[in-house]
Amino acid sequence: MSESKRFVRPGEEVGTEEEFEAGTGTLNEDGRILASIPGTLGGQERRLDVIGHPALTPFAKGTWVVGRIENIAEPVALAVVGAEELAGQRAPKSSAYVVLHASYIKRGYVKKVRDEYRIGDIIRARIVELKNGEFHISTDDPHAGCLIAFCPACREPMEKRPAGLQCPACERRDNRKLADDYKVVPLTRE
Ligand SMILES: [Zn+2]
């Protein structure tokens with residue numbers, strides 16, 4: 001690898017497996033090597049690593065966090081979260097990228113993140129692990145899961161109805177792993 005310092009974001013393609021080996025902080029998705037954490041691209045020889053930058057505020061294991069699903073690169077999602085007491089702030093100072101693996105979504109087998117979450121969802125989760133500089137979260141708890149889901153067609157917040165989630169505007173239905181207190185709250189949009 002060259003000495004140039006390239007800053008990459010989660011989900012960004014950094015190379016292909018034909019050229020490189022996927023190292024720390026990366027994922028191999030069907031031959032494409034994607035950054036799985038924000039950081040600086042590096043590596044040795046043919047190996048690509050993403051060197052993460054320390055989170056502004058480290059989260060202790062067990063901390064409840066709230067945030068938004070920013071990217072999905074199966075079988076993981078990347079979310080930006082802050083400690084739950086800071087929820088509602090547009091850009092909490094202590095926010096950090098965290099990793100959610102499909103197997104940490106809920107009890108039972110979940111093959112893909114997209115079976116339960118979509119980009120843009122607001123979720124509540126718990127920090128379960130700090131590994132290789134990445135925070136891992138879990139939503140395997142009745143109180144964890146989606147807090148606000150948006151209609152994939154018209155982006156309206158979806159309503160929880162007896163038959164499941166439904167868009168009040170276009171009636172489209174969708175599925176999520178919901179938090180026990182899921183409700184539609186008006187978002188402040190400027
Ligand atoms: Zn809709």
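Donors are N, O and S atoms within 2.8 Å of the metal. In this predicted model, the donors of the zinc ion follow the spacing C-x2-C-x12-C-x2-C along the chain. The structure also holds 12 salt bridges and 1 aromatic pair, while the number of disulfides is 0.

**Confidence**

- The chain has a mean pLDDT of 84, and 86% of its residues reach 70 or more.
- Confidence is lowest in strand 1 (residues 6–8), where the mean is 77.
- Confidence is highest in strand 16 (residues 173–174), with a mean of 94.

**Zinc site**

- The zinc ion is coordinated through the SG atoms of C151, C154, C167 and C170, at 2.2 to 2.3 Å.
- The site of the zinc ion has 4 donor atoms, and the angles among them run from 100 to 124 degrees.
- The site counts as tetrahedral because all angles lie between 85 and 135 degrees.
- For four tetrahedral donors, the ideal angle at a metal is 109.5 degrees.
- Among the donors of the zinc ion are C151 and C170, which link distant parts of the chain and are 19 residues apart.
- C151 lies in the loop between strand 13 (145–148) and strand 14 (159–161), whereas C170 lies in the loop between strand 15 (164–166) and strand 16.
- C151 has a relative accessibility of 0%, so C151 counts as buried.
- C167 is also buried, because its relative accessible area is 0%.
- C170 counts as partly exposed, because its relative accessibility is 38%.

**Salt bridges**

- One of the salt bridges joins E29 and R32, with the closest N and O atoms 3.3 Å apart.
- E29 counts as buried because its relative accessibility is 18%, and buried means under 20%.
- R32, at 36% relative accessibility, counts as partly exposed.
- E29 and R32 also belong to a network of salt bridges that includes E13.
- Another salt bridge brings together the side chains of E116 and K106, at 2.9 Å from N to O.
- E116 and K106 are 10 residues apart, and each is in the loop between strand 10 (96–101) and strand 11 (122–131).
- E116 has a relative accessibility of 7% and therefore counts as buried, whereas K106 is partly exposed, with a relative accessible area of 30%.
- A further salt bridge is formed by E159 and R161, whose closest N and O atoms are 3.1 Å apart.
- E159 is partly exposed, with a relative accessible area of 30%.
- R161 is partly exposed as well, with a relative accessible area of 26%.

**Aromatic pair**

- A search of the whole structure finds 1 aromatic pair.
- This pair is made by the rings of F59 and F135, whose centres are 5.3 Å apart.
- The ring planes of F59 and F135 stand at 70 degrees, so the pair is edge-to-face; planes over 60 degrees apart count as such.
- F59 and F135 link distant parts of the chain, 76 residues apart.
- F59 is in the loop between strand 7 (47–52) and strand 8 (64–73), whereas F135 is in strand 12 (residues 134–138).
- Both F59 and F135 are buried.

Note on methods
Residues numbered from 1 in each chain as written. Predicted model: local features only at pLDDT ≥ 70, side-chain atom pairs only at ≥ 80, totals over all residues. Heavy atoms only, no water. pLDDT = per-residue confidence, 0-100. Helix = DSSP H or I, 4+ residues; strand = E, 2+ residues; numbered from the N terminus. Disulfide = S-S within 2.5 Å. Buried < 20%, exposed > 50% of the residue type's maximum accessible area, 1.4 Å probe, protein only. Donors = N, O, S within 2.8 Å, 3.2 Å for Na, K, Ca; no water. Tetrahedral: all angles 85-135°; square planar, octahedral: opposite > 155°, others 65-115°. Salt bridge = Lys/Arg side-chain N within 4 Å of Asp/Glu carboxyl O. Phe/Tyr/Trp six-rings, centres within 6.5 Å; stacked < 30°, edge-to-face > 60°.
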